[in-house]
Amino acid sequence: MRSPKDFFAPLAVGAPAPVREVPARPSRMIHFFDPSNEKMAAKVPGMVGTVDVLLGNLEDAVKADRKEAAREGLVRIAKDTDFGEHTQLWTRVNALDSPWVLDDLTTLVTEIGDTLDVVMVPKVQGPEDIHYVDRLLAQLEARAGLTRPILVHAILETARGMANVEAIAGASPRMQGISLGPADLAADRRMKTTRVGGGHPGYLVRQDPPTGLGEGVDPITADRATYQQDLWHYTIARMVDACAMHGILPYYGPFGDIKDVVACEDQFRNAFLLGCVGTWTLHPVQVDIAKRVFSPSAEDVAHARRVKEAMGDGTGAVMLDGKMEDDASLKQCLVILELADRLSANDPELAALYAGGSPSEESGTEASGTEASGTAADSKPADSKGEES
Ligand SMILES: CC(C)(COP(=O)(O)OP(=O)(O)OC[C@H]1O[C@@H](n2cnc3c(N)ncnc32)[C@H](O)[C@@H]1OP(=O)(O)O)[C@@H](O)C(=O)NCCC(=O)NCCSC(=O)C[C@H](O)C(=O)O
Ligand SMILES: [Mg+2]
């Protein structure tokens, strides 16, 4: 491990100095496209400004005999496209043990390093993988004369990577964030699923057997409610903690059932509520879902403002809508307000939405003792099972 004193020193002579903080640019959706697919690539210029991140994917989902075409396609797209102020360009390179990754990194950094914001590294096993990419990027940046470092994003998709997630998150100042790779992770863990992310109807808990049934009725086989559980809860929560601990950003990954936009929204919202800042989108139909889910609702923003106002200097406790608010609930509200401010700076529609307030904002704000009327319940998704119970 490097000495803490050297942590922010460039890893090659002539390489740019590492960043001290992850740039606070929105990344609600990391939109995947295959640069070797002409139809998909043709859509990229039209998506600039509508997505936070465009990611030219070189790894899985690109056929082995299209790897070079994908790399060349990405170079062409990066050179020919103006990504504007609000859309970043990322790539996912091939795995570190593959025959393509060295050429991926060498070509991309030297040809389009000044346009590329983040390199996503798949199947990261431990901090040693990040150290390797860190040093190589520094050498290539120096060669290309880059003045801004390219950041690194790890995909959590092996059991070993999962066990090392904290060390991966803190492996380099280049670390921008971590995404869940549920398909590869499931395979590596020998989970018995066959899907790309999302839930499974077999992963459930069942109500206890009923009591007091008549003679001869078997309580074990009686009708008992079942509740599907979230397969990814532990993994996402641990990833979020590792990222928060190291000041980097956590993301949900792919949701492969493109047609099931309802379950996709649920999965994205679970991740958002647990602390993720964004998700991958694999198909244009998922972009608006991600935008909706990973931007706080107008009602939540209005409620957060009311709490902030009611809390005055930020200490003590007040009653608002029958609920106690204090320093800690204020901190949660400040997370929402900070996100809303950041998103508003890029998006006039959201700025207008958040400025417009809500019915709950217009109702009185009794800061102490008495209950103020109005509720933030409207901010809940239409089908927010369990949240209100
Ligand atoms: C999933 C797809 C293969 C579906 O493609 P297709 O059958 O062409 O869908 P449609 O006919 O509905 O497409 C309509 C039009 O939209 C264009 N399109 C489709 N996807 C995209 C896209 N991502 N970006 C831009 N444009 C897109 C089509 O070309 C159609 O255009 P037109 O005919 O002109 O109207 C496909 O969406 C796809 O390949 N998506 C990306 C898949 C991907 O990147 N997979 C890798 C990430 S997931 C993963 O790796 C697992 C992870 O690592 C883990 O371990 O968990
Ligand atoms: Mg994968």
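In the predicted model, helices α11 and α12 are oblique to each other, a class that takes in whatever is left once angles under 35 degrees are called roughly parallel, over 145 roughly antiparallel and 65 to 115 roughly perpendicular. The axes of α11 (residues 298–310) and α12 (residues 327–346) cross at roughly 130° and come within 9 Å, where axes are lines fitted to C-alpha atoms, for helices over the stretch in contact, and angles run from 0 to 180 degrees between N-to-C directions. The crossing of α11 with α12 is left-handed, meaning that the near helix is turned anticlockwise from the far one by less than a right angle. On the α11 side the contact involves D300, V301, A304, R305, V307 and K308, which meet S329, L330, C333, I336, L337 and A340 of α12; two residues are in contact if their C-beta atoms, placed from the backbone, lie within 7 Å. The residues of this contact divide into eight nonpolar, one polar and three charged, with Ala, Val, Leu, Ile, Met, Phe, Trp, Tyr, Cys and Pro counted as nonpolar, Asp, Glu, Lys and Arg as charged, and the others, Gly among them, as polar.

Helix α12 also packs with helix α13 (residues 348–355), at an angle of about 135° and with the axes 6 Å apart, and α12 and α13 are therefore oblique to each other. Here A340, L343 and S344 of α12 meet L350, A351 and Y354 of α13, and the residues of the contact comprise five nonpolar, one polar and no charged.

Residues are numbered from 1 along each chain as its sequence is written, and chains are lettered from A and ligands numbered from 1 in the order in which they are written. For this predicted model, local features need pLDDT of at least 70 and side-chain atom pairs count only at pLDDT 80 or more, while totals for chains, interfaces and linings use all residues.

The protein has 14 helices and twelve strands, these being DSSP runs numbered from the N terminus (helices H or I, at least four residues; strands E, at least two). The radius of gyration, taken over C-alpha atoms, is 23 Å, close to the 21 Å given by the globule rule for 389 residues, so the protein is as compact as a globular protein of that length; the rule is 2.2 Å times the number of residues to the power 0.38. Of the 389 residues, 41% count as buried, the criterion being 20 or more other C-beta atoms within 10 Å of a residue's own, against 12 or fewer for exposed and in between for partly exposed, with C-beta atoms placed from the backbone. Of the contacts between residues at least 6 apart in sequence, 71% join residues at least 24 apart.

In helix α7 (residues 182–189), the buried residues are P182, D184, L185 and A186, and they pack against β5 (151–156), α5 (159–163) and β6 (175–180). R190, in the loop between α7 and β7 (204–206), has a positive phi of about 60° although it is not a glycine. Most residues other than glycine have a negative phi. R190 is exposed, with 7 other C-beta atoms within 10 Å. A positive phi, of about 55°, is also found at D321, likewise not a glycine, in the loop between β11 (317–320) and β12 (323–326); D321 is partly exposed, with 19 other C-beta atoms within 10 Å.
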